[in-house]
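Subject: Structure handover

Hello,

Please find the structure below, with the sequence. My notes on it follow.

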Amino acid sequence: MTAIHELKGVRGIISDYKLQVVITAIFFAIWFAFYVLNPSAFTNPFTYTSLMSISPYTIIPAISLTLVIITGEIDLSFSSIMALGPLIMAMTWQAQGEASLLGVILGLLAGLGAGLFNGILITKLGIPSLIATIGTTFLWRGVVLVATQGFSIPLGQYRDSMVFSALVGWLGGIPVQFLWTIGLAIIFWLILNRHRFGAYIYYIGDNRVAAQMVGINVDRVLISVYAIHGLIAAFAGIINTLGMATFWPTLGDIYMLKSVSSVVIGGTPVTGGLGTIYGTFIGGLILEFIEMGVLTSGVTGFWIRLVHGVVIIVALAAQGILRRREIIRARVMRLITTQATQQSTS
Amino acid sequence: MRNIVKRFGSVVALRGVDFYVRENEVVGLVGDNGAGKSTLVKILFGIHAPDEGEIIIKGMKFKKLTPKLAYELGIVLIHQERTLCTNHPIWRNIFMGREITNKLGFLRIDDMKKIAYESLSQLELTRMPVETPVKYLSGGYQQGVQISRALVFEADLVILDEPTVALSLAETQRVLEYVNELKKKGKSAVFISHNIYHVYPVADRFVILDKGRVVAEFYKENLTPEDLTEIMISIARTGSVPEKYKELNLYRKSQLT
């Protein structure tokens, strides 16, 4: 009988990591390009601590957004939830006159509730996720603008509090928010790859009918995913607010496209069923690195969007080529297994 | 299933169907397009709820089922590609929805791979590693993976909805071997097919549906495939079983009225 393992190599079949390798290569290529343009900046540790300070605002919401996109859905409203959560926190702090943990918890619960609301709109009312979350993007932003009347809320007086240190302080020369980012990335990686809940997320994105047919409660999983994403978006908004020591009502707006782009650059297709936390993490770093690299290279900040655009297109083109090759490989493999069946039957 | 009626708006898909499967029996459910075969098994698997009638499984009566409940009652549905997640490896597809986990819900991956391998071995499906994504497998191999799922969960009743559609001759032969393997292990199965020559070798009994009704029922030993084809053609043209086979028909007219 034909030894299929030998025909194409086991490594060939399960080369799950190609996309991650490509994304990592793009990251290092960009790093090298900026290093050549401005060696002094990219041998300076301050460049990297700055990157670690600002990248969490993009990467943290992108991590939980990865789960949403793997299910084959989308959430745009997280950018507004990034403002809703810290607004609740800031208002609680103002009312209490101190930087309390309660304020943080209420802010996170607001995010959780907003995510839950998205999930219910999408699953129970059957509103397509794109439309539902466009609606809630306006809704939560409207709530924030009405509540603040467009004014910022300064929080500098609480800088010395435990909450500030725990969320945006420094530990061993590393910004704490980056450690939170790594911690969340590990937790979400574990959920997606080692937990039953993560398996259900992948199945729903891959084949929703199949997931239903094996008894997975698709609605419950989707609602949970949206609730988790709301919670994490609120957390990202809170650390962004504390990082700037000010709450401002348009907080989160710039992260909508950046976080979605991080997920997509990271190799998670919008069609769902596939995707990795590692890819999203590197995708977010790439976007932030470009921003930093462009600025330190001495050109104007207007170049940032242009370079972002080029990198996104290059990354997606590379993924497109890989996926096309994957389709061809799958066809060849199906043919080989069909022939092997014929041989074994005859 | 007793007196099952299913309507889709003004269209009556099933008109009081009685249908049963015995232990360790393979029933060939045949009939023309629109006869109601798929609707009937979808009700049995809980995808559709019947408008009238009841479903009796292991002595328990149900007005309707859900896929989850059907799964728990030991019913597994095998459909051409529809119940597989093709981007995912074989072992994940076998355990889909019934993962082996620790108390915190974390997957016991090595255990699942081992059991998956053992189950696939019973069907001689070990040419591909259990880590292979299902999209790399031929149609017949994919059906084997689904049957392996039924074996792992010790399903009592396996519903095969057109499992040989779009398969090569050799692969069809393998799928039929898998069905025989199920029977050897004491399982029951409902095999739906348009193709008499696919269903004939594996079925013990044939139930013929026409326009939402059961019109005939025969034991295999009383018919050749050619006889069955003749009966099917007659039912499609005239709505009735040819005179020479009427004595063999287990489904009496009295049951139709």
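I start with a loop residue. Glu154(B) sits in the loop that links α5 and β7 (157-161) of chain B. Helices (H or I, at least four residues) and strands (E, at least two) are DSSP runs, numbered from the N terminus. Glu154(B) is not a glycine, yet its phi is positive, at about 50°. It counts as exposed because it has 11 C-beta neighbours inside 10 Å. The cut-offs, with C-beta atoms placed from the backbone, are these: buried means 20 or more other C-beta atoms within 10 Å of the residue's own, exposed means 12 or fewer, and partly exposed is in between.

Before the rest, some ground rules. This is a predicted model, in which local features need pLDDT of at least 70 and side-chain atom pairs count only at pLDDT 80 or more, while totals for chains, interfaces and linings use all residues. Residues are numbered from 1 along each chain as its sequence is written, and chains are lettered from A and ligands numbered from 1 in the order in which they are written.

**Confidence**

The predictor gives an ipTM of 0.87 and a pTM of 0.88 for the complex. Chain A has an average pLDDT (the predictor's confidence in each residue, from 0 to 100) of 91, and 94% of its residues score at least 70. Residues 1-8 of chain A are below 50; beyond near neighbours in sequence, that stretch makes 15 contacts in the model. Two residues are in contact if their C-beta atoms, placed from the backbone, lie within 7 Å.

Chain B has a mean pLDDT of 89, with 96% of its residues at 70 or more. Within chain B, confidence is highest in helix α3 (residues 90-94), at 96, and lowest in helix α9 (residues 253-256), at a mean of 46. Residues 253-257 of chain B are below 50, and this stretch has 2 contacts beyond near neighbours in sequence. Where pLDDT is low, the predicted coordinates should not be read in detail.

**Chain B overall**

Chain B holds 9 helices and 10 strands. Its C-alpha atoms fill a box of roughly 60 × 40 × 30 Å along the principal axes. For 257 residues, a compact globule would have a radius of gyration near 18 Å; chain B has 19 Å, which agrees. That radius is taken over C-alpha atoms, and the globule rule is 2.2 Å times the number of residues to the power 0.38. Of the 257 residues, 48% are buried. Among contacts in chain B with a separation of 6 or more, 67% join residues 24 or more positions apart.

**Strands and turns in chain B**

β1 (residues 2-8) and β4 (residues 52-57) of chain B pair antiparallel over 2 bridges. Pairing here requires at least two DSSP bridges between the strands. Arg2(B) has Glu54(B) in β4(B) as its bridge partner. β4(B) also pairs antiparallel with β5 (residues 60-62) of chain B, over 3 bridges. There Ile56(B) stands opposite Lys61(B). This hairpin has 2 residues between the strands, and Lys58(B) takes a positive phi near 50°.

Lys211(B) also has a positive phi near 50°, and is a residue other than glycine. It lies in the loop between β9 (205-210) and β10 (213-219) of chain B. With 16 other C-beta atoms within 10 Å, Lys211(B) is partly exposed.

Leaving aside neighbours within four places in sequence, Phe191(B) contacts residues including Val26(B), Leu160(B), Val179(B) and Val202(B).

Best wishes
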